[in-house]
Amino acid sequence: MHQSISSPVLPRTDAARFLQACKRQAVDATPVWLMRQAGRYMSEYRALRERYGILEIIKTPELAAEVTLQPMRAFDLDAAIIFADILPPLEGMGLQLSFGKGEGPIIHNPLRTAADVAALQVRAPQESLGFTLEAIKLVRKDLGGVPLIGFSGAPFTLASYAIEGGGSRNYLYTKGMMFSEPTVWHSLMEKLSEVVGQYLLAQAQAGAQALQLFDSWVGALSPADYREYVLPYSKRAIEIARQGNVPLIHFGTNTSGMLDLIQEAGGDVIGVDWHIELKRAWELLGTNVAVQGNLDPVVLFAPWPEVERRVAALLDQVAGRPGHIFNLGHGILPGTPVETIRRLVDFVHEYSSK
Ligand SMILES: Cc1c2[nH]c(c1CCC(=O)O)Cc1[nH]c(c(CCC(=O)O)c1C)Cc1[nH]c(c(CCC(=O)O)c1C)Cc1[nH]c(c(C)c1CCC(=O)O)C2
């Protein structure tokens, strides 16, 4: 790979802010980063995607590092997130993954039987996911002190892709295994919690200064099912990751009815979506955690004055309480205007520092 592909990021922001907020310390301005901040809404990303597939980018550390830096050069963000995806750990376990054109991820040999689960391998992340660990080391050199977030899918969300074979609306096969074959389910979740925990820990050891666990689809479960079939495994993964001694953000969507359980599973920061007022979420969670969120990503398609009004209202809800990290409630959508992102990041800093 040619060296000149990545140029360093000049830190404009106060590099300490994001990690201070994770620890609920006072900050000069609310830190902001955005889930899926590298991606198709940026022309720089689309240009690289014309030449390389998404898995090719993820598995080439120089390219993954470059894509990680693209939004950092364009916006005054307070943290970078390593460019990867939640699904490659499943490849390491023996599942065949591809990204179909415009259809999202496909697992070609989904898990359906006890034998499928028994055949899954638990390999060391250094062996199966070394490319992301390498990308973390590369990108740290160019970040000028701005913190880098490593991440993993959570056991439930990974199980849902592994069992359904892709995205899903009703999780019939996933819940089918959970409800009808609980022994198989528990054995799968045991393996996944080990893989996820070790992967997060390895990312911290490679240089990630914070970690995020994405349990994107866990809101599909009832609180009772979460408690019985998921919580112990997310908790186990987080316990392993904690040996890395970096703050951990525990994120899910549609979790308003089980925030207490998400918190019980662990995390220094709880990520919430827009189905609950941020202030109310924080009241339910109590004073021992920081919060991240929670603007509806579709708001960013509105005219700027409307975006500004809503962002100000969100910041007002939690003003004066240390430990808020501004983010969307879920990932940036393709087609989001780049100029709105630029104004959003600057406005969060400006408004919250007054
Ligand atoms: C569920 C999930 C996935 N991947 C991820 C999640 C959890 C977060 C969430 O809930 O949104 C996480 C993810 N995926 C990607 C990142 C990169 C880091 C960042 O946030 O900038 C992160 C953090 C790159 C990606 N992962 C993917 C893209 C787009 C693919 C492309 O470039 O063609 C990117 C930038 C592909 C992907 N990957 C996944 C899907 C469903 C898809 C297809 C749908 C889509 O295109 O958005 C699985």
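These legends go with several close-up views of a predicted model. Local features need pLDDT of at least 70, side-chain atom pairs count only at pLDDT 80 or more, and totals for chains, interfaces and linings use all residues. Residue numbers start from 1 along each chain as its sequence is written.

**View 1. The largest nonpolar core and Leu211.** This core has 111 residues, and Ala80, Ile82, Ile149, Ala208 and Leu211 have the most contacts inside it. Its largest share, twelve residues, comes from helix H11 (residues 182-206). A nonpolar core here is a set of buried Ala, Val, Leu, Ile, Met, Phe, Trp, Tyr and Cys residues joined through C-beta atoms within 7 Å. Buried means 20 or more other C-beta atoms within 10 Å of the residue's own, exposed means 12 or fewer, and partly exposed is in between, with C-beta atoms placed from the backbone. Helices (H or I, at least four residues) and strands (E, at least two) are DSSP runs, numbered from the N terminus. Not counting residues up to four places away in sequence, Leu211 touches Ile149, Gly150, Phe151, Leu200, Gln203, Ala204, Ala241, Val246 and Leu248; contact means backbone-placed C-beta atoms within 7 Å.

**View 2. Helix H4 against helix H8.** H4 (residues 61-74) and H8 (residues 130-142) pack at about 50 degrees, their axes 8 Å apart. That angle makes H4 oblique to H8. Axes are lines fitted to C-alpha atoms, for helices over the stretch in contact, and angles run from 0 to 180 degrees between N-to-C directions. Under 35 degrees counts as roughly parallel, over 145 as roughly antiparallel, 65 to 115 as roughly perpendicular and the rest as oblique. On the H4 side, the contact is made by Pro61, Glu62, Ala64, Ala65, Thr68 and Leu69; H8 brings Phe131, Thr132, Glu134, Ala135, Leu138, Val139 and Asp142.

**View 3. Ala84 in its loop.** Ala84 sits in the loop between strand S1 (80-81) and helix H5 (88-93). It counts as buried because it has 26 C-beta neighbours inside 10 Å. Leaving aside neighbours within four places in sequence, Ala84 is in contact with Ile58, Ala64 and Thr132. Ala84 and Thr132 are 48 residues apart along the chain, yet their C-alpha atoms are separated by 6.9 Å.

**View 4. Helix H9 and its partner H10.** H9 (residues 155-164) is mostly covered, with nine of its ten residues buried. Gly165 follows H9 and has a positive phi, near 90 degrees. The axes of H9 and H10 (residues 172-180) come within 8 Å and cross at roughly 105 degrees, so the two helices are roughly perpendicular to each other. Here Ala159, Ser160, Ile163 and Glu164 of H9 meet Tyr173, Thr174 and Met177 of H10.

Terms used. Contact = placed C-beta atoms within 7 Å.
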